[in-house]
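Please read them next to the coordinates.

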Amino acid sequence: MSRAGARVGVGTRFRYDGESVEVVEMAATTAGNEVVLKDGRGRLLRLSLKELLFSDRAAVSPDGPGPSADDEGEIASVVLGQLDSSARAKVLERAEHVREVLTGYRSGAPELARDGEPRPDYRPERPWETRYTAKAAELGVSPRAVKQWVSDFRRGGEAGLAPKKTTERPHSGVDDRWVETAVEVMVEHTDQSRPSRTMVIERTRARVIARFGEGVVRQPSRATAFRLLEELERRHPLFRLSTKRNRDIAGRPEGPYGKLRPTRPGEYLLMDSTRLDVFAFDPLTLKWVQAELSVGMDWYTRCITGIRLTPVSTKAVDVSAVLFQSFRPRPAGRDWPRHAVWPEHGIPRTVLIDVEGATGPGLASPPLVPETLVVDHGKVYVSEHLTSVCRRMGISIQPARLRTGRDKGPVERYFRTLREGLLQVLPGYKGPDIHSRGERPEDDAFFFLDELEAIIREWTAAVYHCRPHSSLVDPGLPGLRMSPAKMFEHGMARAGYIEAPRDRDLAFEFLQTKWRTVQHYGIEIGRRRYSGPGLPEPGIRSPYDSPVKNGWPFQVDPDDITKIYFRNPTTREWRTLTWEHAPSAEMPLSEDALTFARQLAASKYRFPDDRLAVADLLQRWNLGLGTTIAERRMALRLSREQAAIELPESEAETVVLLPSVRKALGQYEETAKPREPEMVTGRRTTRLGLRPFTIDTEAGRREWRQMLLALEQRVVLTDKHPGMLADDLSDYLFARSTGHIGSLMTLINRSCQRAVRTGAERLDQELMDRVKNDEASEAARLELQAALEKKRLTSRPRPRSRRSA
């Protein structure tokens with residue numbers, strides 16, 4: 001029997017540093033056992049026995065046969081692991097027969113002898129040939145086979161008795177030149193549409209003949225070529241998977257994958273955007289719209305630190321808003337469960353001593369200042385705006401590889417979890433691709449954009465952050481699965497600190513910078529003039545080395561150009577400057593909206609200006625007349641109830657919110673009832689600054705009727721009929737709106753929403769009585785409604801025949 005050990009003593013030979021040496025002396029010292037080596041040239045070398053046995057520089061040269069690590073055969077565990085249950089049972093049974101031939105006992109030991117063992121033919125004193133012959137007769141095989149079993153068992157035990165599997169050469173019977181040419185043709189179709197197997201075979205045959213000559217390389221048969229392509233599919237997928245997946249596999253690196261390994265919260269922040277697989281409602285036109293979701297995720301904890309839902313497409317300012325939410329998280333919802341709310345200081349509750357003393361409104365996510373931002377190569381992520389923000393905040397940008405989604409695997413997995421755990425149960429779900437889409441999912445669109453974002457925020461905080469993730473593990477406790485919230489606690493305890501924002505006014509630095517000179521009227525940006533307190537006097541030399549001569553920096557929000565922000569270089573205080581035509585728009589107005597408004601006004605007026613342009617554009621939007629793609633895209637962005645970035649209010653804006661000031665102005669009420677947000681903001685977001693309709697004259701009644709007829713044409717309901725508004729509901733609508741166009745549009749929009757949701761598909765007084773309007777119109781409704789019911793007033797004009805008489 002060969003042995004794995006080798007005798008080490010005087011006379012044992014080693015390979016040391018590539019030379020053959022021999023042990024000539026061994027000695028025991030206080031420092032340990034030492035040996036003296038002698039090489040072929042008679043030189044002596046003294047070193048410790050430990051180094052000789054365990055150093056990579058030395059290797060023993062055995063003087064007899066034995067197992068070696070570079071043997072051709074596989075190790076026992078690999079051989080036995082390839083056997084199924086029946087083959088393994090057969091090998092174990094054969095091993096018992098071999099042990100009986102060798103020892104007389106099937107177990108191999110007299111202590112474990114079975115009944116009747118040893119049998120007479122297999123007693124140890126019997127000759128080997130007798131035992132071989134007896135076992136061959138018992139099993140019905142030749143004595144030579146039994147001898148081979150014994151030899152295999154002595155060499156490898158039970159693994160030596162396993163069936164010998166011959167390693168066949170891949171693509172046996174097919175010329176290697178044909179195989180390599182076929183792989184070459186398949187690789188060429190990586191970025192192309194999927195070809196058929198027949199086309200690949202024909203191109204391979206033609207290329208082989210052109211490259212090597214006719215009859216030089218043997219061409220396989222059609223059936224063999226098809227089997228060969230099935231084997232090559234494992235090396236280079238082309239026919240089975242989708243073409244996008246095939247390109248992803250072909251783009252994998254040849255070497256092992258590298259990976260960034262975060263060690264604490266805030267070290268890496270992953271950011272990405274995706275188009276949601278659910279339709280949302282446009283509150284302006286009551287039609288469905290697609291939305292894009294942008295998120296920021298802390299890599300170490302998998303906590304979502306920022307969420308932004310935008311209609312149509314994502315802008316760079318939206319990405320900056322997501323990044324800013326890591327600095328200043330959004331407040332938690334009033335009805336959120338306690339476990340979903342983070343304390344206002346961002347430290348987990350389990351680390352606190354006085355838990356109840358630190359409770360409050362709470363936050364939706366922990367505040368973090370990321371050190372490194374991992375983004376893809378999307379236009380909004382590599383824009384000058386975002387890179388400038390990160391540079392000013394000291395945040396490094398780590399771009400992912402092109403078309404390599406696995407570099408941002410955790411955030412991609414969040415999108416899938418969001419789709420499977422939340423979006424697919426919402427009305428308006430359209431599936432991940434065109435093959436999974438329903439017949440008309442846009443007809444089921446139910447939630448508005450702001451409602452959908454609120455739902456996603458609450459689900460993320462209450463479910464995603466509190467559910468254990470299989471990928472969140474501590475290397476010291478690999479069996480423990482933690483949730484993102486628990487992982488944040490673990491990371492803070494492990495690192496001992498987190499990076500928290502230091503200044504709330506950092507929000508202004510997330511805005512774009514424009515360089516302009518100060519004139520006597522203020523400053524001008526994009527043909528818009530701004531003025532306000534805090535501007536330097538005209539003619540004062542700017543301390544900045546600006547791109548324009550004597551220019552000053554101003555921060556501009558492209559989603560709200562009614563205000564810009566300026567920091568005084570002396571006092572370092574931020575000031576708010578207002579656009580001269582801002583009173584014409586009582587809602588945020590974007591740069592794109594004003595550009596389109598100017599084009600709209602130029603086609604209508606001979607001498608247009610920004611005031612007329614803004615008034616006309618808002619009038620069209622508030623009447624629901626936006627029909628072109630450009631109008632619709634800008635209207636969708638204006639339909640948001642909040643700006644892209646929640647900026648801290650300047651001094652001029654916060655002073656009127658002080659309780660003492662509000663009380664002095666008569667706006668403070670001690671026992672004010674809570675009001676629904678949308679009811680409070682209804683008149684503010686729809687007011688146009690126009691005079692209200694009147695019905696005390698015939699001309700006023702005709703104007704009111706023309707307005708209702710125009711609105712009737714724009715209402716899209718299944719059971720709509722002519723005269724639904726102008727005839728059936730004329731007096732009712734005037735009483736509810738008091739003649740104000742903003743209140744009228746609010747009432748009709750909300751009534752249409754209810755008609756769609758309830759399935760009524762028409763407007764009548766019974767349905768509209770359940771719809772609340774803005775408070776201003778509701779307060780003046782009763783007296784006007786009583787006058788209309790008693791016929792002292794009417795909103796219907798007289799028929800033309802009576803007027804002519």
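1. The model is predicted. Helix α3 (residues 85-103) and helix α5 (residues 143-156) are therefore roughly perpendicular to each other. Their axes come within 10 Å and cross at roughly 95 degrees. On the α3 side the contact is made by Arg94, Ala95, Val98, Arg99, Val101 and Leu102, and these meet Trp149, Val150, Phe153 and Arg154 in α5. By class, the residues of this contact are seven nonpolar, no polar and three charged.

2. Helix α6 covers residues 176-188, and its length can be checked: at 1.5 Å a residue, 13 residues should span 18 Å, and the end C-alpha atoms are 19 Å apart, which agrees. At the start of α6, the backbone nitrogen of Arg177 has a side-chain oxygen of Asp175 within 2.8 Å.

3. Which residues of α6 are buried? They are Trp178, Val179, Thr181, Ala182, Val183, Val185 and Met186. As background to the spacing in that list, an α-helix has 3.6 residues a turn, so residues three or four places apart point the same way. The buried residues of α6 pack against α7 (197-212) and α8 (222-235).

4. From α7 the contact takes Arg197, Thr198, Val200, Ile201 and Arg205, and from α8 it takes Arg222, Ala225, Phe226, Leu229 and Glu230. The contact of α7 with α8 divides into five nonpolar, one polar and four charged residues.

5. His236 lies in the loop between α8 and α9 (243-250). Is His236 buried or exposed? Its relative accessibility is 13%, and because the cut-off for buried is under 20%, His236 counts as buried. Leaving aside residues up to four places away in sequence, His236 touches Met186, Val187, Thr190 and Ala250. Of these, Met186 is also one of the buried residues of α6.

6. In helix α11 (residues 384-393), the buried residues are His385, Leu386, Ser388, Val389, Cys390 and Met393. What covers them includes a helix, α10 (316-327), and the strands β11 (372-375), β12 (396-399) and β13 (512-516). Just after α11, Gly394 has a positive phi of about 75 degrees.

Methods
Residues numbered from 1 in each chain as written. Predicted model: local features only at pLDDT ≥ 70, side-chain atom pairs only at ≥ 80, totals over all residues. Heavy atoms only, no water. Helix = DSSP H or I, 4+ residues; strand = E, 2+ residues; numbered from the N terminus. Expected span 1.5 Å × (residues − 1). Buried < 20%, exposed > 50% of the residue type's maximum accessible area, 1.4 Å probe, protein only. Contact = heavy atoms within 4.5 Å. Polar contact = N/O pair within 3.5 Å; in protein donor to acceptor, adjacent residues only side chain to side chain. Axes fitted to C-alpha atoms, helices over the stretch in contact; angles between N-to-C directions. Parallel < 35°, antiparallel > 145°, perpendicular 65-115°, else oblique. Nonpolar A, V, L, I, M, F, W, Y, C, P; charged D, E, K, R; others polar.
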